[in-house]
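Reader: I have a structure to study and some questions about it. Could you take me through them?

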Amino acid sequence: MSTLQLLISDLAARPDSSLLRLLSLRPELMDPPAADFAALAARASSRAGLSRALDRLNEPQLQLLTALAVAAPAGSGATAAQLAEAVADASAAELEPLLEQLHELALVLHSPEDTDDAGPRRFLPVTSLREVLGAHPAGLGRGYVELADALPGCRDRLAGIAGTLGLPGGDPAAALHAHVTSFAGPDALLADAPDGTAGLLAKFAAGPMGRVAHALRDVGREGRPGEGAAPAQPDAGGAVNWLLRRGLLIPLDDDHVELPREVGLLLRHGRVVTHFSPAPPVVEVARVRTSLRDNAATGAVAALLRTMGRLLDSVENAPLATLRAGGVGVRAVRAVARDLDVEMAQSYFYLELAAMAKLITLDPDTSLWKATASGWRPRDRAEQWLWLASAWLDAGRLPSLVGTGSPAVNVLAGEAFRPDAPALRATSLQVLASLHGGAALHGDAAESGTVPAPTIEQVLDHYAWHHPRPARRIAKALAGFLAEAELLGLTGAAALTDLGLAVIGRDWDGALALLAGTLPEPVEHVLLQGDLTAVAPGYLSPVLSEELALLAEPEGRGTAGVYRFTRASLQRALAAGRTATGIMDFLAAHSATPVPQPLEYLVADTASRHGRFTVVAASAVVSAREPGLLAELLAVGAASGLQLTAVSPTVAVSALPPAELARKMLDAGHSPALAGGVAAEEPGRPAGRPRRAAPSTTHPAMAPWEAARLSAAEGQEAGDAVVHPAGPAAAQLAMLRSRPAWTPGRGEAAPALVREQLQRAIRTMADVWLTTVGGDGRPERLRLRPVTVAEGRVRAFDHERDSERVFSMHRIVDVDLIEGGSAGTKGRA
Amino acid sequence: MNDGPLIVQSDKTILLETAHPQATEARHAIAAFAELERAPEHMHSYRITPLGLWNARAAGLDAEQVLDTLLTFSRFPVPHPLLIDIAEVMSRYGRLTLEKDPVHGLVMRTSDFPVLEEVIHARKIGALLGPRIDPLTVVVHSSQRGALKQLLLKAGWPAEDRAGYVDGTPHPIALTAGDADAVAPKDGAWSLRPYQDLAVENFWAGGSGVVVLPCGAGKTIVGAAAMAVSGTTTLILVTNTVSARQWKAELLRRTTLTEAEIGEYSGAAKEVRPVTIATYQVLTLRRGGLHPHLELLNDNDWGLIIYDEVHLLPAPIFRMTAELQARRRLGLTATLVREDGREGEVFSLIGPKRYDAPWKDIEAQGYIAPADCVEVRIDLPQDERMAYAMADDADKYRLCATSESKSAVVEKLAAEHAGEQLLVIGQYIDQLDEIAGRLGAPLIKGETPVKERERLFGEFRRGAVKTLVVSKVANFSIDLPEASVAIQVSGSFGSRQEEAQRLGRLMRPKADGRTARFYTLVARDTVDADFAAKRQRFLAEQGYAYRIIDAP
């Protein structure tokens, strides 16, 4: 039975609880829902599926899986005891639970032999695992056989080596494999090696590849060194030559060599994993006072909301133009940073966050980023914050990439888009939470009232244990996540807050409740002072702050709002339609103290000066040679709709465009001369605020966390009578249970099965019956020996034609393995 | 969430709600490290500056205490970046120390090798240093102590000065203070007021520094008390001769010093006595490219140097002062705002601010007279408005500030306050001449001889002259206790400290506890109004709200 079939039956045989757990641990398997168990198994063992699953594994799980992939013989698998041999400092008892975890994740299978005998359980890795782990699992090179197959000319070289070593004939790769594995240990292997050989080999501990100059040199034969043209190599030549001569290093090209797996394993005393780490690294995490953390985090929450409000003001006043290269230019960003009064680097994040939360969106018609009527502003502050935080959690962008690289990535440019950002962010925060929780458990030694505040390096170390595979590419993003979490107030003084924990756990209601406790009620009054300032002792209610911002200039930056009344600011307010009494009433109503006399005077004085000039709209001017003419025109003007206003005895203005005015005057029997030709037609848009973008469906009036909640609820309503409390996983399970485990030759699993059969045939050098569909649509059944499977094509040897043929994978309908091989076919030379 | 009186803003200001029950406690706690910036009625604002934080370190406060103060008294969360910044800034102080080495004289030591390397390789600083003794110590030329400290401050690595001060020639001085009524001192029976006492104590503990007290709050007495504590020969630097005479009279009254022990070093006399009072003017006199009288500062073994009106300290004295770092220095001022923005240099050369009190606080304690400031808005007549509109920018201020209509208003106001001691203060002599003529009052201006000035001031104090018209010569240091009304007709553009100093002329407590009245006449809709707004800023920030009325 193939591994895939084994996996299908394994999955089908699992109880519901185990399947639900698998689906919750690997949710991508049911996206979109899998039709049957075969499809599920195919997805679980596909390269992409495995890669994602492996990204989630922690260090010991990955180490063990690697050991299994390397040490277990293909087809038969390995027992826990055998694996304990391959893993240093590990006992079988220790490994069993880990193996069960891997089994639960559908990465490891129970070998079918289990059922036959009562011996210890044997474990098998799923298909494609070796491919996904890469050519050099655990830092070990390829085996002789693999090298001989992959490297042109290698087999001949190995044959030469086998000859000089006096090994039995047949396949030289197999002979060398047998030869090297026959040694008891590294000491026996290197018994007569020149000095420095062990030191040289120690360099291969981290990886099997090495650089050697002239690796393809003729190293001569055992016992007859220096023969021929090859000159003696001056440096370390002795050791390198010795190793090359015996096939302990295989040259890849003239500059590189590879240490074969057999040799690597022997040097490690048969251990695939040399440093087994079953527990996360123990680090001494610095602690901060809880009060300090909460101070920092609540301060950050308030500052974030304040800054975001100012950012929206800024973008509303001046939408941001995009560059042809993508993103927003430095100059526009600098203007925003100035408005926000923050560093440039921080303004990148705020702009990105505003875009993530869809508070600003790109208008495709004008290529301008504009503030959208998103419904964010009127929310209360706790909901505003949650809107931002939940948008951040799920955003597929890395704001920390902005400003880095060469050329530097622009704000809001496509380069900062990373589809895996939400996953990386989530795992980073989980690691942070586990550090927080873990330290809390060991907290008895630490003084109470403190919380752990890990450094970036410490988080990274932990990340490397929890998720070793993505750790390599996360280092930079992680620093960004932590800095952003600090700005959001998820952490304070680098320590995770209760609010942060709630958000990581997506407990929106809990988060709202926590926020309600920390954000103070808005104040409804200001203190007016004789130096013409108004100070709001705290967060001012939005209605009040909007009006005050019109009446006075905001000053400074911080929780308290400081506003300075000036003549200019009051003139602005008067121009916006406020009156002196209105302003005074507003101030009196919202001031906790009497309105100071100087302010009263300033308002009255400014108001009395307002409107001493009047501006009227005029688009045409009529000038007459003598006053009498104009008087005449004015007299008839009213009747003929000329809309004239006299500004002097000989000059009048009209609101009509010049051309139209001239035409109407002509109609009235006058003959005006149009000076300066025809004035351009002015689009009649009234001055004032630019039109707001019409709300469209892409602009959410709903916070991201609410949308998620709503879609979950909709799903529940739509799903008929069966309501799955666990959501999509339960629905998927129901679907799987309702169908047969596998319909051969159909569905998603078929290509994977075909592929697996072919690979098995290649491995065992067996013939297959291959059914393929030709260009004319007729199926054709051929007896072939497959050679390689790659890039969606199969190369196979056709005995009848005595030539190689290539088939597209998608044309292959079925593959049947002919067990036992066949006589009369040639082996490979 | 606690409910403290402070709101700490992200822009490094602290707002203090004065009506809060904990306000006084919080004020004292933050005064140690934050500068009082504005003190209007309800919300005082303080600013956290590196200089303030380093001064706090010099006074023995550490970052932990500062953070604790902020967190304890703050109503809302304190911005975390600010906390980090404070800790970072404060940790920079004292990495370098100036010490006396028995062998090498003055040396600079460090606990942090890279910091010393950094400053030694800074171009300007390196020139002031001598040979390296060991990796952590370098010799400093003792004459460069002040300059070095100033440069290190600019470089952000302020040195802790442990080298101490020279003792100076001993000369016993004692105060004549009795313990009678402290509020209204009478001849022969007075005592130090609590804040004066505190100011002297703070100063002496700190070694050198500046004491900021409102006009009329008795800065001379602080100087006298500092001299008494020092008990050494003292050099007092004052702004002008009249002020020098006043100092002398005051010292004779407040201390055991006799006429023979106090010398005057001015244009008129060049006496060097155990206590010498010199004017800035004579010290900065330049003849043939040299300052012949600057030597006075250094040639005598002064134990204490007092700088009166330190905000006026001229540049040559700045430079000289840099070389006087081994002597104790006391700066006195009411208004530490310099229009040239060199407040920082005053602090680094004279010393940090050792005592500062909001004017309104002292007023509340009854030590200075309450003042009522009134801005009178005057409409320019039509012809003057036209002349103003057509004038060059350079002439505009003079035109509007010297409007004829102002003279008429002065006359009306003077009539309203008939019988009170009234001062008319202005900038432009022609205008003052005209007003003096209209009021029939004597005029004191730059060309008035010192003798004549003293006579007129004397008569004014006695009440024989009720009204006095003065030019800017009376801006500072002139003691006119019974003046209760001042009318300012023009000033030197937007000078904030001039405005404050002029108000200061009225602030000596009156015998009958009257409120002083300060009128400033402003021409509406002109640059005069803009300058007036700027001038008033200091006082407005000290809590003096100007009432604005239209011209009567």
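Reader: How far apart do the C-alpha centres of domain 3 and domain 5 of chain A lie?
Author: This is a predicted model, in which local features need pLDDT of at least 70, side-chain atom pairs count only at pLDDT 80 or more, and totals for chains, interfaces and linings use all residues. Residues are numbered from 1 along each chain as its sequence is written, while chains are lettered from A and ligands numbered from 1 in the order in which they are written. Domain 3 of chain A covers 287–518 and domain 5 covers 620–667, with bounds that come from an automatic or database domain assignment. Their C-alpha centres are separated by 63 Å.

Reader: Which element gives the most residues to the side of chain A that touches chain B?
Author: The contact (C-beta atoms, placed from the backbone, within 7 Å) takes 28 residues from chain A and 25 residues from chain B. Elements giving two or more residues on the chain A side are α17 (290–317), β15 and α29 (597–609). Helices (H or I, at least four residues) and strands (E, at least two) are DSSP runs, numbered from the N terminus. With seven residues, the top contributor is α17(A).

Reader: How many residues on that side of chain A are charged?
Author: Ala, Val, Leu, Ile, Met, Phe, Trp, Tyr, Cys and Pro count as nonpolar, Asp, Glu, Lys and Arg as charged, and the others, Gly among them, as polar. The side of chain A that touches chain B has 13 nonpolar and 13 polar residues. The charged ones number two.

Reader: Is Leu532(A) buried or exposed?
Author: Leu532(A) lies in the loop between β14 (527–528) and β15 (533–536) of chain A. Its phi is positive, about 65 degrees, although Leu532(A) is not a glycine. A residue is buried if 20 or more other C-beta atoms, placed from the backbone, lie within 10 Å of its own, exposed if 12 or fewer, and partly exposed in between. Leu532(A) has 24 such neighbours, so it counts as buried.

Reader: What is the phi of Ala494(A)?
Author: Ala494(A) is in the loop between β12 (491–492) and β13 (495–496) of chain A. It counts as buried because it has 23 C-beta neighbours inside 10 Å. Most residues other than glycine have a negative phi. Ala494(A) is not a glycine, yet its phi is positive, at about 70 degrees.

Reader: Is the peptide bond from Ser406(A) to Pro407(A) cis or trans?
Author: Pro407(A) sits in the loop between α20 (381–393) and α21 (421–441) of chain A. Most peptide bonds are trans. From Ser406(A) to Pro407(A), omega is near 0 degrees, and the bond is cis.

Reader: What is the radius of gyration of chain B?
Author: Chain B has 22 helices and 23 strands. The radius is taken over C-alpha atoms, and the globule rule is 2.2 Å times the number of residues to the power 0.38. For 552 residues the rule gives 24 Å; chain B comes close to that, so it is as compact as a globular protein of that length, with a radius of gyration of 25 Å.

Reader: Which residues form the covered face of strand β8 of chain B?
Author: Strand β7 (129–134) joins β8(B) by three antiparallel bridges, and strands pair if DSSP finds at least two bridges between them. β7(B) and β8(B) form a hairpin with two residues between them. The uncovered face of β8(B) has Thr137(B) and Val139(B). The covered face has Val138(B) and Val140(B).

Note on methods:
Contact = placed C-beta atoms within 7 Å.
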